[in-house]
Structures are given as C-alpha cells and as structure tokens.
Amino acid sequence: MILFTLISRVADGLPLVASVKEDTELSRNLVSYQNQAKMLIRRLVPSSPTRCSLVAGTYYFHYLFESGICYLILTEVNFPRQKAFAFLEEVHNQFSGQYSNDVYTVSRPYGFIEFDRELQKLQQKYTDTRVSSNVSQLNVALQDVQRIMIQNIDDVLKRGEALTALDAQATHLSDLSRNYRNNAASLNLQSSIAKYLIIFTVAVILLSFLYFRFLW
C-alpha cells in the first residue's frame, strides 16, 4: 500500500504537491515520516542516486529524482519495489507533462495541489489487485529495480548532517583564510608606507642639511 506521496523541488526543498492516504489515525502516525521525507529531499544533491529505496522502520521510502524534482512515496514494507517505481515513473510522466514549464515559477508551498486528484487516482490504480497480479507487465523491468540501491533512512540523514557540519567548517576556514589574506595585505601596505616614509624623512633631513650647510 502507498501511504503518502510527495513531490518537491530539490533546489530549495519546496513541496509542490502531496497526497496522504485518507485515514485520520494513520495520517497522525505518519507525521514523523513526512518530516523525514522533507529532510531527505533537502539532502539531495545533483550527484545523488536518481532512484533509491530507503528502509524506515517498518516502511520503505522510494524516490525518483529527475530534472531537479523529487517524486517520493512511503509504502508498507511488503509493497513490491517494481510496482513502487512503476508508480513513480507514471507520476513523473504525468506531472512533468503538465507542469514542467511552471515548477520553478511558484514560490508558495503546494502550488500544484490540484494534481492531488491525479495522485489519488494513481494510488488507487496501484492498490488494485489486478495491477498487483500483473507486476510483470509494468513499465519498470525487474532487473532494473534490482539494481536500485537500498539504504537506511537514518544513515542517510546522519550522513547529511555530517556533510552539513563539514560544509560549515569549510566555510569557516575559508572565511578565516580570507581574513588572514586581507590582514596580511593590509600589514604589507602599512609596512611599505612606513618604509617609504622613513626614506622620505631621511631625504628631507639630508636636503635640509645640505641647504643650510652650503647655500644659507
């Protein structure tokens, strides 16, 4: 079963549309997973895998990362991965077909909430037992799914935090280095001014001496 679907812009983590299974009790229990999903999307970079499955307790995250947009779902652990990625491919095709020219123009969250109707239809379609019994006919080949990486969500988020900390340290060191260079340049300038001032002072004294000695 697909529990929720989230489509987000990766550059700034802006959620574009989301669809949660209509079950009030289940929705309350999924809040922490929704937060994990948003953190995961903020960890994505251009070099991240374009398709990945992540173990999250008794559930699985599956995502597809295309053209700067992340299509992510949370499923029960027994939901077939082949069907999960077939669903993501179909969501991607429909969403990009309708909104590819608009995804970078919106600034408010959930700017494409009207697409939720399509997500609901697709989720129902992939929950249908007739689809379940015809997995071999889905667009995503089984051998392709087997090559998709499986990771642990906690490891990915912790690794992201570590990389963020390293980035902060690198930025701090870069700032210190820049300040050092600026201070060194300032000291060199002051040293040069002092040196030429001494030469100028000596020259003035010498000329004054010669003037008073021979011309006065």
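**Figure 1. Hairpin of strands β1 and β2.** In this predicted model, the hairpin of β1 and β2 has five residues between the strands, and G13 takes a positive phi near 75°. Strand β1 covers residues 2-9, and strand β2 covers residues 15-20; strands (E, at least two residues) and helices (H or I, at least four residues) are DSSP runs, numbered from the N terminus. The two strands pair in the antiparallel sense over five bridges, where pairing requires that DSSP find at least two bridges between the strands. Within this pairing, T5 has S19 of β2 as its bridge partner. Residues are numbered from 1 along each chain as its sequence is written.

**Figure 2. Strand β1 and its pairing with β5.** Strands β1 and β5 run antiparallel and are joined by seven bridges. One of the bridge partners in β5 is T75, which faces I2 in this pairing. Eight of the eight residues of β1 are buried, so the strand is largely enclosed by the rest of the structure. Here buried means under 20% relative accessible area, exposed over 50%, and partly exposed in between (1.4 Å probe, protein chains only). In a regular strand, side chains alternate between the two faces of the sheet.

**Figure 3. Aromatic pair Y71 and F95.** The structure holds nine aromatic pairs. Rings of Phe, Tyr and Trp (its six-membered ring) pair if their centres lie within 6.5 Å; planes under 30 degrees apart count as stacked, over 60 as edge-to-face and the rest as tilted. Y71 and F95 form an edge-to-face pair, at 6.1 Å centre to centre with 75° between the planes. This pair links distant parts of the chain, with Y71 in strand β5 (residues 69-76) and F95 in helix α3 (residues 81-99), 24 residues apart. Both Y71 and F95 are buried.

**Figure 4. Aromatic pair Y99 and F112.** The rings of Y99 and F112 form a tilted pair, with 4.7 Å centre to centre and 45° between the planes. Y99 lies in helix α3 and F112 in the loop between α3 and α4 (116-127), so that the pair links distant parts of the chain, 13 residues apart. Y99 and F112 are buried. Ring pairs link Y71, F95, Y99, F112 and F115 into a cluster.

**Figure 5. Cysteines C52 and C70.** C52 counts as buried because its relative accessibility is 1%. C70 is likewise buried, with a relative accessible area of 1%. The count of disulfides, each a pair of cysteine sulfur atoms within 2.5 Å, comes to zero. In this predicted model, local features need pLDDT of at least 70, side-chain atom pairs count only at pLDDT 80 or more, and totals for chains, interfaces and linings use all residues, while side-chain values use heavy atoms, with hydrogens and water left out.
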